[in-house]
Amino acid sequence: MSRRVQLREMTEKDFASYVVYSNEQHAADLQKEKGISKEEAFMETEEGLKRMLPNGKETPDNYLMVIERQEDSVVVGYMWYMYDHRREDTYLFLCDFFIFEEERRKGYGEEALCEMDEAAGQLSCKKCVLFVENENMSARKLYEKCGYIYRNERENGRYMDKDL
């Protein structure tokens, strides 16, 4: 199947744009979820990202990708996944995934997840894992459509995985 999007590694400029976009999105979610101020939400989000990516885009075993349309190389979203090889059952964990609002419902998300599955296979991963918040129904439907199955439920969401 010919895909309309491709994943490519973020440049420093892409990474800077991603950090701004991601922090804005996650801070807005935290603000609603925890009822905290915008400033507190931004601080918590920035600290979390620095903890998870201490070396920025050069943090080992983390893949920070731009999702771009193949026809014109326009960026339609971002994807960040982490390779976990500390256990016998190696897997990719989808840390962050955005398709920009104006680019949604065009099939780009499904295609980007297929690209990630292929990357996982190249790393000899046995599965892909992700966490989705309960109220994010469109993401839940997308993941189900792509073969992800609910495994563990938490207070604010569910872990899903897909065997490769």
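Leu64 has Trp80 in strand S3 as its bridge partner. This pairing belongs to a predicted model, in which S2 and S3 run antiparallel to each other and are joined by seven bridges.

**Strand S3 and its pairing**

- Strand S2 covers residues 62-69, and strand S3 covers residues 75-84.
- S3 also pairs with strand S4 (residues 91-99), again in the antiparallel sense, over eight bridges.
- Within the pairing of S3 and S4, Met79 stands opposite Phe97 in S4.
- Of the 10 residues of S3, eight are buried, so the strand is largely enclosed by the rest of the structure.

- Ser73 is found in the loop that lies between S2 and S3.
- The hairpin formed by S2 and S3 has five residues between the strands.
- In this hairpin, Ser73 takes a positive phi near 60°, although Ser73 is not a glycine.
- The relative accessible area of Ser73 is 44%, so this residue counts as partly exposed, a class that lies between the cut-offs of under 20% for buried and over 50% for exposed.

**Ser124 in another loop**

- Ser124 is located in the loop between helix H3 (108-122) and strand S5 (127-133).
- Ser124 likewise is not a glycine, yet its phi is positive, at about 60°.

Methods:
Residues are numbered from 1 along each chain as its sequence is written. This is a predicted model: local features need pLDDT of at least 70, side-chain atom pairs count only at pLDDT 80 or more; totals for chains, interfaces and linings use all residues. Side-chain values use heavy atoms; hydrogens and water are left out. Helices (H or I, at least four residues) and strands (E, at least two) are DSSP runs, numbered from the N terminus. Buried means under 20% relative accessible area, exposed over 50%, partly exposed in between (1.4 Å probe, protein chains only). Two strands pair if DSSP finds at least two bridges between them.
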